[in-house]
Amino acid sequence: MSRPALPWPPRPHPTLRLRLTVVYGALFLVAGLALLGVTYLLFDQQLNQTFESRFGIGPGDRKFIRIIQDGTLITGDAAGAWMRSQEVGLREAAVTSLLTQGTVALTMVGALAVGLGWVVAGRVLAPLRVVTETARRIAAAPMAERGLHERIALGGPPDEVKELADTFDTMVERLDHSFDGQRRFVANASHELRTPLTLNRALVELAMHRHDASADVKRLGESLLEINARHERLISGLLLLARSEQEIADRSHVDLADVVAHVVAQTAMEAAGAGVSVREDAGPAPTTGDALLLERLVHNLVENGVRHNVDDGTGWVRVASRTVPGGLVEVEVSNSGPHVPPYDIPLLFKPFHRLGPERVVTGRGAGLGLSIVRSVALAHGGDVTARPGEDGGLVVTAVLPRAPH
């Protein structure tokens, strides 16, 4: 069976600076050749006029030419022939000298012009490089809205490039305001929704605990409380997500080993109820940041590991923290559980996405766990990755900068 033909690798395209330099050089070469040609025509015309004025014979005129060459007197037609040969030789020598030296001079000055064109093109395109580098930094930000605070703020005269940079700054500023408004809306809406949910819970609990409440009312109350609790978790998650997407300004020293030990102790009861054993391997992992947000990061990872697990009593979750090369620390949470296709893993970090096919209102999670984990990690200058486990489940790793010594 023959192998399929491999596609040709893409050829590199010349840069705009190189193209401008080539254009400058070509224009200079054309102008130099035109100047050399005009100089030759003027020189030839001047040479003809010189010979005609000195040795030419006008109508009705007679001119006697006597030439002594090597002691021999030449007159008449012989002298005229000698003069014509001298004219031809002088013309050829002059033309050869003009073309040769002109070509050498044109080559040298052309090379200098190309070099100057390269320098001038670089200076002209320098503002465009500033625009490009700023746009690249914004696009390479871990989250799109994180880089929108940066501006080009290009100085210089009001030309086309500055107009482009100012237009780009205006666009980025409008996007920044849009993302800020979106985050404020989520936070404000979540705060406003908490009050009626708290009131609903109080009314349902009051109805359930009445002495004349029937069994049907109590069962209905339990269902309503479960739905209410899920909505409260959803709102708390939205608030935490909106908060975690802000830059961390006030940082404190946090050892992730202490956070891991604390979270494992907190989730021990839920893990025991689900028949899942949690193994802790907390090594030193010093970092800086918001302690509450970092605790929420580890808590969400462990909680997901417990909830998305096998239900036969043999499930396990392993939580480890360590220092890794490159000035980084990491928290790794792995678990047993169903196999996860690799193409589904990026979707797990999107808000409200779950592994299970069902999305019932009584579900225990709101689908924000890993979204919050990624937001917290990015706010601390880190990142989160996930991969399928060898025997099922997931291995999620949160990497953060190590605290300076």
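Predicted model: local features only at pLDDT ≥ 70, side-chain atom pairs only at ≥ 80, totals over all residues.
R307 belongs to helix 7 (residues 291–307) and E270 to helix 6 (residues 268–273), so the contact ties together parts that are 37 residues apart in sequence. Both ends of the pair are partly exposed: R307 has a relative accessibility of 23%, and E270 has 30%.

E332 is buried, at 15% relative accessible area, while R318 is partly exposed at 27%.

E332 also meets R322 in a salt bridge, with 4.0 Å from N to O. R322 is in strand 6 as well, and its pairing with E332 ties together parts 10 residues apart. Salt bridges with shared partners join D281, R318, R322, E330 and E332 into one network. In total, the model has 8 salt bridges.

## Helix 9 and the residue after it

Helix 9 (residues 369–379) is mostly covered, with 10 of its 11 residues buried. Among them are L370, I372, V373 and L378. Just past this helix, G381 adopts a positive phi of about 80°.

## The loop at D344

D344 sits in the loop that runs from strand 7 (328–335) to helix 8 (345–348). This residue is partly exposed, at 23% relative accessible area. Its C-alpha atom is 9.9 Å from that of P388, although the two residues are 44 apart along the chain.

Definitions and conventions: Residues numbered from 1 in each chain as written. Heavy atoms only, no water. Buried < 20%, exposed > 50% of the residue type's maximum accessible area, 1.4 Å probe, protein only. Helix = DSSP H or I, 4+ residues; strand = E, 2+ residues; numbered from the N terminus. Salt bridge = Lys/Arg side-chain N within 4 Å of Asp/Glu carboxyl O.
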